[in-house]
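Subject: Structure handover

Hello,

Here is the structure for your files. My notes on it follow below.

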Amino acid sequence: MAAQQNLEKMQLRQNYRNLWHSDLLRTIQADTPYCCFALWCAPCVSYLLRKRALYNDMSRYTCCAGYMPCSGRCGESKCPEFCLCTEVFLCFGNSVASTRFLLQDEFNIQTTQCDNCIIGFMFCLQQLACIFSIVALIVGSSEIQEASQLLSCLADFVYCTVCACMQTQHKIEMDKRDGMFGPQPMAIPPVQQMSRIDQQIPPSVGYAPQPAYGQNYGYPPAPQPYGYPATGYPPTAYPPPGHPPSGY
């Protein structure tokens, strides 16, 4: 039941309306030095980006940003820096994906079709390389073994390249968040808004209902003309001609 609820909430990302400041195809052009840094020192970049995504407040840290079953069960509160180092070196792919989900949920950023195609191609190539390796072990053919090795190298190259571009994309988005592309940086959200996968949908915000047209808005009743009863104006009936009204 909990897994189904988390899956449904993760599918809500498809309804997000904001876009990344730079898509995966343009990250190399947008910040070439950082993309090279992310390619050769990927775990270090993942560590720095996660810490920056948490606004350098490691008391907010949770393993895999709260998106995995192990999150919150690894003693992160006692030594968050060591736990983050362990995460980025032993679970590098999950660390990059968790930082991505964290930014998407915080700023309502959707994944474009182009980014989905690149990420999907990376996964399909890895699966294909794995299948060729299994077939090569079963058959024992040297040609298939060479093909599997070639596919494995290609899959690793694509994986490292896409991860570098993805982390550069995260860095550019946080540059935008911190005001490097504008005059004012964005405010730091509360702790409970950093990861919203386990939060309820907030109630709708709006003005208080207004009274209907013609309804009394709190003003006093209109004064009646002098000499007439308070039942209304004008009087409901006049005396017959030739007879003075009562009271004269």
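**Helix α4 against helix α6**

On the α4 side, Ala42, Pro43, Ser46, Leu49, Arg50 and Ala53 make the contact, and they meet Phe92, Asn94, Ser95, Val96, Ser98, Thr99, Leu102, Leu103 and Glu106 of α6. Sorted by class, this contact of α4 with α6 has eight nonpolar, five polar and two charged residues. Please keep in mind throughout that the model is predicted.

Two packed helices are described by the angle between their axes and the distance between the axes. Here α4 covers residues 42-53 and α6 covers residues 92-107; their axes come within 10 Å and cross at roughly 30 degrees. Angles under 35 degrees count as roughly parallel, so α4 and α6 are roughly parallel to each other. The crossing in which α4 passes α6 is left-handed.

Ser46 is found in α4 and belongs to the residues that meet α6. Is Ser46 buried or exposed? Its relative accessible area is 1%, and because buried means under 20%, Ser46 is buried. Apart from neighbours within four places in sequence, Ser46 is in contact with Val88, Phe92, Ser95, Val96 and Gln167.

**Helix α3 against helix α4**

The axes of α3 and α4 come within 5 Å, with a crossing angle of roughly 115 degrees. The range for roughly perpendicular is 65 to 115 degrees, which makes α3 roughly perpendicular to α4. From α3, the contact takes in Tyr34, Phe37, Ala38, Leu39 and Trp40; from α4, it takes in Ala42, Val45, Leu48 and Leu49. By class, the contact of α3 with α4 has nine nonpolar, no polar and no charged residues. Ala42 and Leu49 of α4 are listed in the contact with α3 and also in the contact with α6.

**Loop residues**

Asp31 lies in the loop between α2 (27-30) and α3 (32-40). With a relative accessibility of 14%, against a cut-off of 20%, Asp31 counts as buried. Which residues is Asp31 in contact with, leaving aside neighbours within four places in sequence? They are Thr168, Lys171 and Ile172. The C-alpha atom of Asp31 is separated by 9.6 Å from that of Cys165, and these two residues are 134 residues apart along the chain.

Asn56 and Ala65 call for a look at the backbone. Most residues other than glycine have a negative phi. Phi of Asn56 is near 60 degrees, a positive value, and phi of Ala65 is likewise near 60 degrees and positive. Asn56 lies in the loop between α4 and α5 (80-90), and Ala65 lies in the loop between α4 and α5 as well. Asn56 has a relative accessibility of 55%; exposed means over 50%, so Asn56 counts as exposed. Ala65 is buried, with a relative accessible area of 7%.

**The protein as a whole**

The protein has eight helices and zero strands, and from the N terminus on its elements run α-α-α-α-α-α-α-α. Of its 248 residues, 32% count as buried. The protein exposes about 16700 Å², and carbon and sulfur atoms supply 63% of that area. Taking contacts between residues at least 6 apart in sequence, 72% join residues at least 24 apart.

Regards

Conventions:
Residues are numbered from 1 along each chain as its sequence is written. This is a predicted model: local features need pLDDT of at least 70, side-chain atom pairs count only at pLDDT 80 or more; totals for chains, interfaces and linings use all residues. Side-chain values use heavy atoms; hydrogens and water are left out. Helices (H or I, at least four residues) and strands (E, at least two) are DSSP runs, numbered from the N terminus. Buried means under 20% relative accessible area, exposed over 50%, partly exposed in between (1.4 Å probe, protein chains only). Contact means heavy atoms within 4.5 Å. Accessible areas come from the Shrake-Rupley method with a 1.4 Å probe; for residues, only the protein chains shown count as cover. Axes are lines fitted to C-alpha atoms, for helices over the stretch in contact, and angles run from 0 to 180 degrees between N-to-C directions. Angles under 35 degrees count as roughly parallel, over 145 as roughly antiparallel, 65 to 115 as roughly perpendicular and the rest as oblique. A crossing is left-handed if the near helix is turned anticlockwise from the far one by less than a right angle, and right-handed if clockwise. Ala, Val, Leu, Ile, Met, Phe, Trp, Tyr, Cys and Pro count as nonpolar, Asp, Glu, Lys and Arg as charged, and the others, Gly among them, as polar.
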